[in-house]
Amino acid sequence: MARPPAPGSVIVPDWHESAEGKQYLACILRKNRRRVFGLLERPVLPPPVAIDTASYKIFVSGKSGVGKTALVAKLAGLEVPVVHHETTGIQTTVVFWPAKLQASDRVVMFRFEFWDCGESALKKFDHMLPACKEKTDAFLFLFSFTDRASFEDLPGQLARVAGEAPGVVRMVIGSKFDQYMHTDVPERDLTAFRQAWDLPLLRVKSVPGRRLADGRTLDGRAGLADIAHVLNGLAEQLWHQDQVAAGLLPNTSENTPS
């Protein structure tokens, strides 16, 4: 696969905080709450700001308990489960994210379809992993900063899940970063992993999202600010990979361990 682009080289990083960005974000918010979209639904923009949509399928992989379902919930603006329950079967969640391209100043609506499957189901049913991997555009590999074994399992995950998919984007996310004082994964190990694999590595917190004045409803705009770096990172990697595949950018791929 193409070598990952430098952060901020494809997508304007803080555009969502600008006046123009907030105008586009309004289509995925309703009264400061995140809108929930089904598989066949999409945000509606006024005709003057209508934009193209780029759709991608993303498989979320990682050991049981690392926070795969919680991450997807945060990205979608949903309540994060308080108690861990193994995901039964395959769960799909659609997230829309508008972003501005650095090269052209063009705004694109990214549609991410996240596929989350419980580890037990993957082991029990042979057809689950092939279904999750079929026509996948990106793999998100999760580990927990509070679970050393989940970090050490990453090379095996990469080989097992993405080993035969060289043209698919791969990203690594460390969950429960807010519990970093109790981490089982020191910074030197993260540095060594990045040097060995040359993959984007992002961090997310596990704290509950901020709430509106009623104390019950999640603050959609604040929630977007918390996870914008993940959505921008995904948009950046996927758009860059598409440009390379189309021959619009040179392929600077290098050999990585498998």
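## An exposed glycine

G247 is exposed, with 58% relative accessible area. In this predicted model, G247 sits in the segment that follows α8 (220-245). Take G220 as a reference point: 27 residues separate G247 from G220 in sequence, and their C-alpha atoms are 38 Å apart in space.

## β5, an enclosed strand

Strand β5 spans residues 107-117, and eleven of its eleven residues are buried, so the strand is largely enclosed by the rest of the structure. In a regular strand, side chains alternate between the two faces of the sheet. In β5, one set pointing the same way is V107, M109, R111, E113, W115 and C117, while V108, F110, F112, F114 and D116 point the other way.

What does β5 pair with? Strand β4 (residues 90-100) runs antiparallel to β5, with eleven bridges between them, and W97 is found opposite F110. Strand β3 (residues 53-61) runs parallel to β5 and is joined to it by eight bridges; one of the pairings has S55 as the bridge partner of R111.

## D116, a buried charge

D116 belongs to β5 and is buried, yet has no salt bridge. Which side chain of opposite charge is nearest to D116? That is K68, 5.1 Å away, and a salt bridge would need a side-chain nitrogen within 4 Å of a carboxyl oxygen.

D116 does have a polar contact of 2.6 Å, side chain to side chain, with T69. Leaving out residues up to four places away in sequence, D116 touches K68, T69, T87, G89, I90 and Q91.

Nonpolar side chains tend to be buried together in soluble globular proteins. Here the largest nonpolar core has 49 residues, and the members touching the most others are W97, F110, F112, F114, L140 and L234. Two or more residues come from each of α1 (19-25), β3, α2 (68-76), β4, β5, β6 (138-144), β7 (169-175) and α8. The top contributor is α8, with nine residues.

F114 is worth a look up close. Beyond residues up to four places away in sequence, F114 touches I58, V60, V72, L75, Q91, T92, T93, V95, L140 and L234. Apart from this core lies another, of 24 residues, including W115, C117, M128 and F141. W115 and C117 point one way from β5, and F114 points the other way.

Key
Residues are numbered from 1 along each chain as its sequence is written. This is a predicted model: local features need pLDDT of at least 70, side-chain atom pairs count only at pLDDT 80 or more; totals for chains, interfaces and linings use all residues. Side-chain values use heavy atoms; hydrogens and water are left out. Helices (H or I, at least four residues) and strands (E, at least two) are DSSP runs, numbered from the N terminus. Buried means under 20% relative accessible area, exposed over 50%, partly exposed in between (1.4 Å probe, protein chains only). Lys and Arg count as positive and Asp and Glu as negative; His and the chain ends are not counted. A polar contact is a pair of N or O atoms within 3.5 Å; within protein, one must be able to donate a hydrogen and the other to accept it, and residues adjacent in sequence count only if both atoms are side-chain atoms. Contact means heavy atoms within 4.5 Å. Two strands pair if DSSP finds at least two bridges between them. A nonpolar core is a set of buried Ala, Val, Leu, Ile, Met, Phe, Trp, Tyr and Cys residues joined through side-chain atoms within 4.5 Å.
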